[in-house]
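Please open the model in your viewer and keep the selection panel at hand. The stops below proceed by selection, each followed by what is to be found there.

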Amino acid sequence: MFRTPLKPAPLALALALGFCSLPGHTQSSQGALEIRIEAKPLGQALNDWALQTRMQIIVQPALVAGKQAPAVAGSLSAKQALDRLLADSGLVAVSEGNAVVVKAAPAKPEATLSAVTVTATADVETAFSPVLGYVAKRSSTATKTDTPLSETPQSITVVTRDQMVDQGANTLQEALLYAAGVRADLYGLDSRSDDAHIRGSTAETYIDGLRQTNDYYTSTARPDPYTMERIEVLRGPAAMLYGQGSTAGVLNLVSKRPQAEFQGEVGVQLGNYGRKQLQADVTGPLTADGEWLYRLVAVARRSDTQVDYVGDDRTLLAPSLTWKPNAVTSLTLQGLSQHDRTGSTSQFLPWAGMLTANPNGQIPTSRFIGEPGDLYDTDRNTLGYLFEHQFNDQWKLRQNFRYAENKVDYLTHYANSFSLPGGWYDDPVNQRVIGRYGDHTQTKVHIATIDQHLEGHLQTGVVQHTLLTGLDLTRYRNDKRSGSNYDTIDAYAPVYGLAAPIELGDSVHSSQRQAGIYLQDQMKIAQDWIVVAGLRHDRVTNSVQGTVDERSQATTKRLGLMYLLPNGWSPYLSYSESFTPVAGTNVYGARFKPLRGEQIEAGVKYMPANSSTQFTASVYQLKEKNQSTVDPTRADNTIQVGSTQNKGLELEWKAAVTRDVDAMASYTYTDVDKQLTQTSRNQAKAWGKYRFTLAGIEGLAMGAGVRYLSAFRDGAAPTTPAITLVDAMLSWDQQHWRYALNVNNLTDKVYNTICMSRGDCWYGARRTAVLSATYRF
């Protein structure tokens, strides 16, 4: 993997450029440090050197273009580490003023870096930049401004690019398996959607701060983690800023963006279930002065799944182009063309045979009771931009826009586990032949979303203000055709090809128009107190063909208070509200009502300024009205329930323990309202990575994780047993190459993620093993 945390100046790449000095952190290049830099392009390796030694270094981009640095690790001085990085590169480092400058080696080499004292520098991370390791320090998801996590009075988890690579995350579900407060796989292995539950409710997904879809999962495509720089999990309501975030919170997927240094990688994956994937990511400048930058991300995959006749094929192309005419203006154009060809791994099979006794034995995890021609095909095409202009030191303007067209063709046959909940309605004695619903739905969605806001920085006495005022607009249209039938099949010895064709009905049109204005003030009082206050007003119009428009409006509020202690501890208290317009209709044609909610959260964070350790503890109580949940009588329908209340506790720790060890752990207690789909009350997760040298071979690493989910019961369903799962990783980084083996569910446990009160159970993912090789240039 590769990254460039810092943007180069027009003529020179300045590593650690423009930082604030930190008193008391001056150091000598001769002092011993624990250095850990993986083999990668030289420009990135020099970035890592600057971050780990906290020294300034300057190099012209042309000097490092196309050069590769070896892995460097161990107890070394800054000089020793830098000499190893530059070995055989034809470059040398010399001291010039308070910085180290990399130059081409002269005919008679100059004296290389000797004992030189430079000013230590602060962290260069931004809310959108790559992160070294697992510990991110800044985010924009909670405030829409680039804010330290330590100064944000709300729970946030950032899944970095390094974490996704180390854990081998190939889906959004997999990327969230170790996120605190998240149940990423409640509905087991699901090839159709990534339905993450946060604090007992379904979270809304955003991409670069703009909502992915306004409707059910059948109106969009699954995002690919390979296109993402980071995933930010905001737990709790976010309607004050987004107007469309549920009480559960927001998943904000931050896309990879063009970088100023040329770098690229090409990778291949081979795995069980016939997985074959090619992927590529190339970025750099189009012009020598860095005014134009580009990035191109591509994925091509052919794969089966653990369920017979269900594939997992994808082709994806994500180009982006940045124009920076000057230091205060930037415009990034973003595109995506994604085409998925799969089916439904979800079979909706009954309790009897999945969890409880059946005279014919347990139903295999590979069982498919649909038809081989069933499909879940999605085509998603998007075009948008990210614009920013800074008027002066106090004010800047941002505008983000995206237009998306999504097409979903969903043909499925699934089990009738509902007429006799958990049983075999069509064969109650022998329990072999099961009724199955046939459903064919074709959906076409158009979404245009724009968000613009003005950010200002002011001072009134001892109070520093970060003001934000903005307007966002959404236009959404859904055209849907569907049809259904019913027949039976032997679930233990299925015979295919007997299903009657499904005729599609007339198209049904629905639309939604939303407008919201918001105002926020982040106040820092005397460097100790943080106050965040916000107000928002939304107006929404829902339309369904042949009916009168439905209009709704709401004003939502947010208030947060935090105290910054000098030792890095920060207790906080927050109150926030949610208002989520829900577009579309249920299967009976009834419109959904807006989701409303409120939450009180109290917690404490430990995030010292110069530490790679983070800890967050929080307790919360949230209330919602009109929350969506599964229909207990019909699997293809969604219903809304009355007032609900969830409460819980979350603990999360992340740290770069040493230069060779990264680790994270979390514990979650969730008490979900009985009206909602239940989940494990207790979740515990831990993951660690260790880098080592063996028999003189550098760049080796191993990782392991464990996930525990307690038993729980959903209504009248049998108890879903507790489960403990183990994941593992081995990797080798050397020169241009990275090789890795990732195995999830190492012991290949067969388990149910949930058995639902309506009658069906869902299998979790069996063991997956993926071998990858990546060439970096």
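This is a predicted model: local features need pLDDT of at least 70, side-chain atom pairs count only at pLDDT 80 or more; totals for chains, interfaces and linings use all residues.

Two strands are treated as paired if DSSP finds at least two bridges between them.

Select residues 550–563, strand S33, together with residues 569–580, strand S34; five bridges pair them in the antiparallel sense. Within this pair, leucine 559 has tyrosine 575 of S34 as its bridge partner. Now move to the hairpin of S33 and S34, where five residues lie between the strands. Glycine 568 in this hairpin takes a positive phi near 100°.

**The domains**

Next, colour the chain by its domain assignment: domain 1 covers 33–104, domain 2 covers 138–255 and domain 3 covers 263–776. Between domain 1 and domain 2, the C-alpha centres are 35 Å apart.

**Helices H1 and H3**

Select residues 42–53, helix H1, and residues 78–86, helix H3; the two pack with their axes 11 Å apart, at an angle of about 175°. Because angles over 145 degrees count as roughly antiparallel, H1 and H3 are described as roughly antiparallel to each other. Show the side chains at the contact: H1 contributes Leu42, Ala45, Leu46, Trp49 and Thr53, while H3 contributes Ala78, Ala81, Leu82, Leu85 and Leu86. Nine of these contact residues are nonpolar and one is polar, with no charged residue.

Remain on H3 and select lysine 79 and aspartate 83. What joins their side chains? A salt bridge does, with an N to O distance of 2.8 Å. Both residues belong to helix H3 and are four residues apart, about one turn of the helix. A search of the whole structure finds 43 salt bridges.

**A five-stranded sheet**

Finally, display the open sheet whose five strands follow the order S13-S19-S20-S17-S18, with mixed pairing. Which strands stand at the edges? They are S13 (156–160) and S18 (210–211); each has a single partner strand, so one side of each lacks a neighbour in the sheet.

Inside this order, select residues 204–207, strand S17, and residues 249–255, strand S20: they run parallel and are joined by four bridges.

Terms used:
Residues are numbered from 1 along each chain as its sequence is written. Side-chain values use heavy atoms; hydrogens and water are left out. Domain bounds come from an automatic or database domain assignment. Axes are lines fitted to C-alpha atoms, for helices over the stretch in contact, and angles run from 0 to 180 degrees between N-to-C directions. Angles under 35 degrees count as roughly parallel, over 145 as roughly antiparallel, 65 to 115 as roughly perpendicular and the rest as oblique. Contact means heavy atoms within 4.5 Å. Ala, Val, Leu, Ile, Met, Phe, Trp, Tyr, Cys and Pro count as nonpolar, Asp, Glu, Lys and Arg as charged, and the others, Gly among them, as polar. A salt bridge is a side-chain nitrogen of Lys or Arg within 4 Å of a carboxyl oxygen of Asp or Glu.
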